[in-house]
Amino acid sequence: MTREELLKSYILKQYRTVKDFSVAIGLPYTTIDGILRRGVMNTRVENMIRVCQFLGNSLDALVSGRIEPYSDLSLIHISEPTRRTPIS
(Lines give C-alpha, C1' and ligand atoms only; values in the text may rest on other atoms or scores of the structure.)
Protein backbone atom coordinates (compact mmCIF):
# COMPACT_ATOMS: atom_id res chain seq x y z
CA MET A 1 0.00 0.00 0.00
CA THR A 2 1.39 3.43 -0.94
CA ARG A 3 1.70 6.32 1.51
CA GLU A 4 -1.17 8.03 -0.25
CA GLU A 5 -3.45 4.96 -0.09
CA LEU A 6 -2.57 4.57 3.58
CA LEU A 7 -3.33 8.23 4.26
CA LYS A 8 -6.63 8.12 2.38
CA SER A 9 -7.67 4.97 4.24
CA TYR A 10 -6.84 6.63 7.57
CA ILE A 11 -8.79 9.76 6.62
CA LEU A 12 -11.83 7.72 5.56
CA LYS A 13 -11.79 5.78 8.85
CA GLN A 14 -12.27 9.06 10.71
CA TYR A 15 -14.33 11.07 8.21
CA ARG A 16 -17.10 10.07 5.85
CA THR A 17 -15.38 11.57 2.81
CA VAL A 18 -12.16 13.33 1.84
CA LYS A 19 -14.28 16.45 1.30
CA ASP A 20 -15.52 16.27 4.91
CA PHE A 21 -11.91 16.01 6.06
CA SER A 22 -10.86 19.00 3.97
CA VAL A 23 -13.65 21.11 5.48
CA ALA A 24 -12.73 20.03 9.02
CA ILE A 25 -9.04 20.79 8.54
CA GLY A 26 -9.62 24.08 6.73
CA LEU A 27 -7.67 23.22 3.58
CA PRO A 28 -9.23 23.25 0.13
CA TYR A 29 -10.45 19.90 -1.18
CA THR A 30 -8.18 20.34 -4.19
CA THR A 31 -5.15 20.51 -1.88
CA ILE A 32 -6.04 17.26 -0.12
CA ASP A 33 -6.95 15.61 -3.42
CA GLY A 34 -3.61 16.73 -4.87
CA ILE A 35 -1.73 15.20 -1.94
CA LEU A 36 -3.53 11.91 -2.49
CA ARG A 37 -3.04 11.92 -6.29
CA ARG A 38 0.42 13.45 -6.72
CA GLY A 39 1.95 12.11 -3.54
CA VAL A 40 2.90 13.02 -0.03
CA MET A 41 6.46 13.77 -1.11
CA ASN A 42 5.29 16.17 -3.84
CA THR A 43 3.38 18.61 -1.68
CA ARG A 44 4.17 21.58 0.53
CA VAL A 45 5.62 20.63 3.89
CA GLU A 46 3.27 23.04 5.64
CA ASN A 47 0.25 21.20 4.27
CA MET A 48 1.57 17.79 5.30
CA ILE A 49 2.40 19.05 8.79
CA ARG A 50 -1.16 20.37 9.12
CA VAL A 51 -2.69 17.11 7.84
CA CYS A 52 -0.60 15.00 10.21
CA GLN A 53 -1.22 17.29 13.18
CA PHE A 54 -4.95 17.23 12.56
CA LEU A 55 -4.97 13.42 12.31
CA GLY A 56 -2.64 13.06 15.31
CA ASN A 57 -0.19 11.13 13.15
CA SER A 58 3.56 11.41 13.01
CA LEU A 59 4.80 12.99 9.77
CA ASP A 60 8.03 11.00 10.06
CA ALA A 61 6.03 7.78 10.20
CA LEU A 62 3.91 8.73 7.19
CA VAL A 63 7.00 9.53 5.13
CA SER A 64 8.23 6.04 6.06
CA GLY A 65 4.92 4.55 4.93
CA ARG A 66 3.35 3.99 8.34
CA ILE A 67 0.45 5.41 10.32
CA GLU A 68 1.75 5.99 13.80
CA PRO A 69 -0.05 8.24 16.28
CA TYR A 70 2.02 10.71 18.27
CA SER A 71 3.34 9.10 21.40
CA ASP A 72 3.11 12.41 23.28
CA LEU A 73 -0.24 14.09 22.64
CA SER A 74 1.02 17.32 24.22
CA LEU A 75 3.11 17.82 21.05
CA ILE A 76 -0.02 18.24 18.94
CA HIS A 77 -0.98 21.84 18.30
CA ILE A 78 -3.70 22.63 15.79
CA SER A 79 -4.25 26.24 14.97
CA GLU A 80 -7.51 27.56 13.62
CA PRO A 81 -7.69 27.69 9.83
CA THR A 82 -6.68 31.08 8.56
CA ARG A 83 -9.16 33.01 6.48
CA ARG A 84 -7.71 34.59 3.40
CA THR A 85 -8.98 38.03 2.65
CA PRO A 86 -9.29 39.07 -0.97
CA ILE A 87 -6.88 41.64 -2.25
CA SER A 88 -8.73 44.85 -3.08
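Ser 22 is buried, with a relative accessible area of 2% (buried means under 20%, exposed over 50%, and partly exposed in between, using a 1.4 Å probe and protein chains only). This serine is found in helix α2, which covers residues 18–25. The model is predicted, so local features need pLDDT of at least 70 and side-chain atom pairs count only at pLDDT 80 or more, while totals for chains, interfaces and linings use all residues. Residues are numbered from 1 along each chain as its sequence is written, and side-chain values use heavy atoms, with hydrogens and water left out.

**Around Ser 22**

- A polar atom of the Ser 22 side chain lies 2.8 Å from the backbone oxygen of Lys 19.
- Leaving aside residues up to four places away in sequence, Ser 22 touches Leu 27, Pro 28, Tyr 29 and Ile 32 (a contact means heavy atoms within 4.5 Å).

**Salt bridges**

- There are four salt bridges in the structure, each being a side-chain nitrogen of Lys or Arg within 4 Å of a carboxyl oxygen of Asp or Glu.
- One of them joins Arg 16 and Asp 20, at 3.3 Å from N to O.
- In that pair, Arg 16 counts as exposed at 71% relative accessibility, whereas Asp 20 counts as partly exposed at 28%.
- Another links the side chains of Arg 44 and Glu 46, at 3.4 Å from N to O; Glu 46 is partly exposed, with a relative accessible area of 49%.
- Arg 66 and Glu 68 also form a salt bridge, with their closest N and O atoms 3.1 Å apart.
- Here Arg 66 is partly exposed at 38% relative accessible area, and Glu 68 is partly exposed too, at 35%.

**The chain as a whole**

- Read along the sequence, the pattern is α-α-α-α-α.
- The protein chain has 88 residues, of which 32% count as buried.
- Taking contacts between residues at least 6 apart in sequence, 47% join residues at least 24 apart.

Notes. Helices (H or I, at least four residues) and strands (E, at least two) are DSSP runs, numbered from the N terminus. A polar contact is a pair of N or O atoms within 3.5 Å; within protein, one must be able to donate a hydrogen and the other to accept it, and residues adjacent in sequence count only if both atoms are side-chain atoms.
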